[in-house]
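Here is a short briefing to read with the structure open beside you.

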Amino acid sequence: MKEKRENLIAQNKKARHDYFIKDTFEAGIALTGTEIKSIRARRISLRDGYVQIIDGSAFLENVHISEYKEGNRYNHDPLRSRRLLLHKKEIKHLAKAQSERGIAIIPLKVYLKHGFAKVLIGIGQGKKEYDKRETIKKRDQDRELRRKYRV
């Protein structure tokens, strides 16, 4: 039996607040040497990130990976586009979703799996303001119920 080894590096908590997540995909990220070292040091932010499909390839845009402190002249640009490693069928599915109105493809979390950096991307439909309030209300009610029956 294989042991599942996932080390959560970064999570985009705002994404589930702003979007209804319809579907998720796991993708590898094509990184340079200093980028993976920065990710292992947990120096990554997914806050404003999104995925864009260009010419049959998926790219992770606007995700900030800080420069590696000991990287000297080989350091990377913190906001550069990074290619996502996905199957063709998955890219076609994402391209179809991207063409719809009101749909965004966003990174949900970054983690290490067997030593490789992976990103969980989700197809999200934007929430209205009243949907966000409803989600907060439901979460608070569930928390109160758990607190009440915990004893």
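Residues 24 or more positions apart make up 69% of the contacts in the protein chain that have a separation of 6 or more. Please keep in mind that this is a predicted model. The chain has four helices and nine strands, and 35% of its 151 residues count as buried.

**Overall layout**

- The C-alpha trace spans about 55 × 40 × 35 Å along its principal axes.

**Surface and charge**

- The protein chain has an accessible surface of about 10600 Å², and carbon and sulfur atoms account for 48% of that area.
- On the charge side, there are 37 positive and 20 negative side chains. The centres of these two sets lie 3 Å apart.

**Rings**

- If you like to look for aromatic pairs, the count here is zero.
- A ring does have a charge over it at Phe 20, where the charged end of Lys 127 sits 5.1 Å from the ring centre.

**Lys 109 and its strand**

- Lys 109 belongs to strand E8, which covers residues 103-113.
- Is Lys 109 buried, exposed or partly exposed? Its relative accessible area is 26%, so Lys 109 counts as partly exposed, because that class lies between the 20% limit for buried and the 50% limit for exposed.
- Setting aside neighbours within four places in sequence, Lys 109 is in contact with Leu 8, Ala 10 and Gln 11, with Leu 46, and with Lys 118, Val 119 and Leu 120.
- Ile 44 is 65 residues away from Lys 109 along the chain, and their C-alpha atoms are separated by 10 Å.

**Helix H2 and Thr 34**

- Helix H2 runs over residues 33-40, and its buried residues are Thr 34, Glu 35, Ile 36, Ser 38 and Ile 39.
- Why does Thr 34 count as buried? Its relative accessible area is 10%, and buried means under 20%.
- Which residues does Thr 34 touch, once those up to four places away in sequence are left out? They are Tyr 68, Gly 71, Tyr 74, Asn 75 and His 76.
- Just after H2 comes Arg 42, with a positive phi of about 60°.

**Positive phi in the loops**

- As background, most residues other than glycine have a negative phi.
- Asn 62 is not a glycine, yet its phi is positive, near 60°. You will find Asn 62 in the loop between strand E5 (57-61) and strand E6 (64-65).
- With 33% relative accessibility, Asn 62 counts as partly exposed.
- His 114, also a residue that is not a glycine, has a positive phi of about 55°. His 114 sits in the loop between E8 and strand E9, which spans 116-126.
- Is His 114 buried or exposed? At 55% relative accessibility His 114 counts as exposed, because the cut-off for that class is over 50%.

Conventions: Residues are numbered from 1 along each chain as its sequence is written. This is a predicted model: local features need pLDDT of at least 70, side-chain atom pairs count only at pLDDT 80 or more; totals for chains, interfaces and linings use all residues. Side-chain values use heavy atoms; hydrogens and water are left out. Helices (H or I, at least four residues) and strands (E, at least two) are DSSP runs, numbered from the N terminus. Buried means under 20% relative accessible area, exposed over 50%, partly exposed in between (1.4 Å probe, protein chains only). Contact means heavy atoms within 4.5 Å. Accessible areas come from the Shrake-Rupley method with a 1.4 Å probe; for residues, only the protein chains shown count as cover. Lys and Arg count as positive and Asp and Glu as negative; His and the chain ends are not counted. The place of a charge is taken as NZ of Lys, CZ of Arg, CG of Asp or CD of Glu. Rings of Phe, Tyr and Trp (its six-membered ring) pair if their centres lie within 6.5 Å; planes under 30 degrees apart count as stacked, over 60 as edge-to-face and the rest as tilted. A charge sits over a ring if NZ of Lys or CZ of Arg is within 6 Å of the ring centre and within 35 degrees of the ring normal.
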